[in-house]
Amino acid sequence: MSALAVSQTVPTVFDGIANTVAVVVLLLEFGMLRATLLRSQVRLYAGQSLAVSVLAAVVAYGRDVPELYALAVLSLLLKVVVVPLVVLALLRDAHAEIAGSGALGVANQVLVAIGVTAFGFFSVGVLRIHSSVLPTTALSLSVAVVLVAFVLMIMRRDVVSQAIGFFSLENGVSLASLVVAAGMPLILEVAFLFDLLVAVVVFGVLMRTHHRRTRSLSTETLDRLRG
Amino acid sequence: MTGLPLPFVQVLQVLTVVVGAPAVSGFIAWFEARLQGRRGPRILQPYFDLAKFFSKETLAPVGAGPFFRLAPVVSLACYLTVPMLIPVLTSYPLPLGYMGDILGGGLILAFASFVIAVAAAETGDSYAQLASSRAKTFAAITEPVMLLVVFAVALITTTDLPYVLGATVRSGPDQIVRPAHLLASAALFMVILYETGRIPVETHTGTTEFGMIETGRPFEHSGPDLALLHWGSAAKQLVLYVIFLNVFVAPWGMASTTHPLDVALAIPALLGKAALLGCAIAVLDNSFAKLRLFKITEFVSAALLLSVLAVFTLYLGGG
């Protein structure tokens with residue numbers, strides 16, 4: 001139970017700011033879970049990527065890791081500008097505005113996601129991973145982001161939400177990589193970013209093909225047999 | 001120069017709330033009107049309204065019991081008990097300040113709202129009953145949010161006294177940027193939006209009975225009783241603002257001594273802070289649409305999310 005004991009130490013200002021930015025990343029993930037307009041979902045994704053870039057810059061400044069500035073700028077360009085623009089362009093072609101309803105109501109989805117978040121929080125909390133760069137809370141938060149992204153992909157029944165869920169999952173992973181391996185060689189981080197580009201291309205093709213064949217973005221029609 | 005006696009400061013806290021509350025309401029109404037390009041009512045308009053209502057006679061529906069007449073007085077008395085427990089003007093605790101903690105204050109506010117609901121149920125008016133039933137339903141789902149906010153406060157300060165949290169927030173920037181504090185404050189703000197009947201939940205000045213929650217309850221009251229209810233809801237709004245400002249977000253500008261000048265300056269400082277918060281709320285009022293009744297659960301679930309995360313981050317030691 002010692003992992004559940006509340007520590008009375010107050011985090012430093014740097015830790016507090018880093019944790020707050022990480023919490024913002026998680027809250028934006030919840031925002032994506034709640035959003036009904038596809039366009040606002042994409043905007044929230046851009047906001048979340050911005051928060052991750054800001055966190056990278058905060059770590060670069062506070063812990064004196066200059067190569068993270070490069071990572072922050074790269075991920076800003078790619079995830080805040082390029083990816084959302086590509087997805088919005090795809091949406092414009094598809095003429096779909098409103099995401100398909102989820103498998104559960106919004107309030108219930110949030111409750112399920114809170115439960116999943118709790119699982120992620122405490123299962124990482126007992127691992128006692130300590131990082132010299134960021135507080136452990138940020139790691140728990142990043143796992144929670146990944147799990148909520150899974151909930152988003154499972155609950156929503158349209159291709160765009162699932163794609164956005166996948167992209168935001170990558171945000172959670174890059175948050176985790178900031179905690180455990182902030183000193184990771186820049187070339188690896190950049191390789192991750194290009195991985196994301198591949199995913200964008202794949203999901204773009206998926207969205208287009210799906211929309212051409214079923215005339216909608218909803219995946220509900222896929223479980224119907226066709227002769 | 002000698003300081004003011006503490007009981008006098010304590011009484012002054014209650015007087016500030018009871019006299020200042022209509023002015024804060026009037027200011028918000030005026031500012032909201034300006035935002036919409038209207039000239040708006042005078043800031044002192046609520047006082048004139050109260051004076052008008054007090055000069056009229058009270059009518060009670062046939063069959064209404066004693067609760068109907070008692071409720072306005074009892075609820076106003078409840079709303080004026082809370083300012084004794086919370087830091088309104090001073091940053092140091094006053095003699096009666098330890099009489100109750102945040103939960104105690106919340107309990108008194110809930111009791112006042114319960115008494116009004118009972119009075120509305122006695123009238124037999126379907127709209128008043130509808131409103132009070134809704135108010136109780138949504139109060140039940142906002143209650144867990146309040147409890148979790150109190151838990152977060154208790155985990156931060158190891159007490160649940162409002163004075164201690166205010167002092168903790170004043171102690172340094174590390175206490176302000178910690179996520180638990182920010183999340184709990186945001187959750188409390190959303191609860192306050194609900195409790196004061198502001199826009200994502202309810203149109204404050206609406207006249208459509210079907211959308212009413214808080215404002216629908218005093219339908220059958222008239223004359224001095226209605227004045228007391230209006231005064232009470234203004235006082236409740238100011239009390240909640242004071243809790244939000246002087247305990248959570250901006251516990252600055254309060255008197256730290258019993259010097260008369262310090263205490264006197266604390267009054268305009270408090271009203272100014274409340275007016276600033278009112279401006280923010282008026283801007284929110286103008287930028288969002290009212291939620292449909294069944295969407296209010298989504299609003300509350302967002303507040304619940306914030307408060308749950310506040311407690312989680314505290315348990316992980318990083319809050």
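This is a predicted model: local features need pLDDT of at least 70, side-chain atom pairs count only at pLDDT 80 or more; totals for chains, interfaces and linings use all residues.
1. Confidence in chain A. The mean pLDDT of chain A is 84, and 93% of the residues in this chain reach 70 or more. Residues 1-7 of chain A fall below 50 in pLDDT. In the model, that stretch makes seven contacts beyond near neighbours in sequence.

2. Contact between the chains. On chain A, 27 residues are in contact with 22 residues of chain B. Three elements of chain A each give two or more residues to this side: α1 (13-34), α4 (106-125) and α5 (136-155). The largest share, nine residues, comes from α1(A).

3. A helix pair within chain B. Helix α1 (residues 6-35) of chain B packs against helix α9 (residues 223-249) of chain B at an angle of about 90°, and their axes are 8 Å apart. Angles from 65 to 115 degrees count as roughly perpendicular, and α1(B) and α9(B) are therefore roughly perpendicular to each other.

4. Residues that join the pair. From α1(B), the contact is made by V17(B), V18(B), G20(B), A21(B), P22(B), V24(B) and S25(B). From α9(B), the contributors are W231(B), A234(B), A235(B), Q237(B), L238(B) and V239(B). By class, the contact of α1(B) with α9(B) has ten nonpolar and three polar residues, with no charged residues.

Technical notes: Residues are numbered from 1 along each chain as its sequence is written. Chains are lettered from A and ligands numbered from 1 in the order in which they are written. Two residues are in contact if their C-beta atoms, placed from the backbone, lie within 7 Å. Helices (H or I, at least four residues) and strands (E, at least two) are DSSP runs, numbered from the N terminus. Axes are lines fitted to C-alpha atoms, for helices over the stretch in contact, and angles run from 0 to 180 degrees between N-to-C directions. Angles under 35 degrees count as roughly parallel, over 145 as roughly antiparallel, 65 to 115 as roughly perpendicular and the rest as oblique. Ala, Val, Leu, Ile, Met, Phe, Trp, Tyr, Cys and Pro count as nonpolar, Asp, Glu, Lys and Arg as charged, and the others, Gly among them, as polar. pLDDT is the predictor's confidence in each residue, from 0 to 100.
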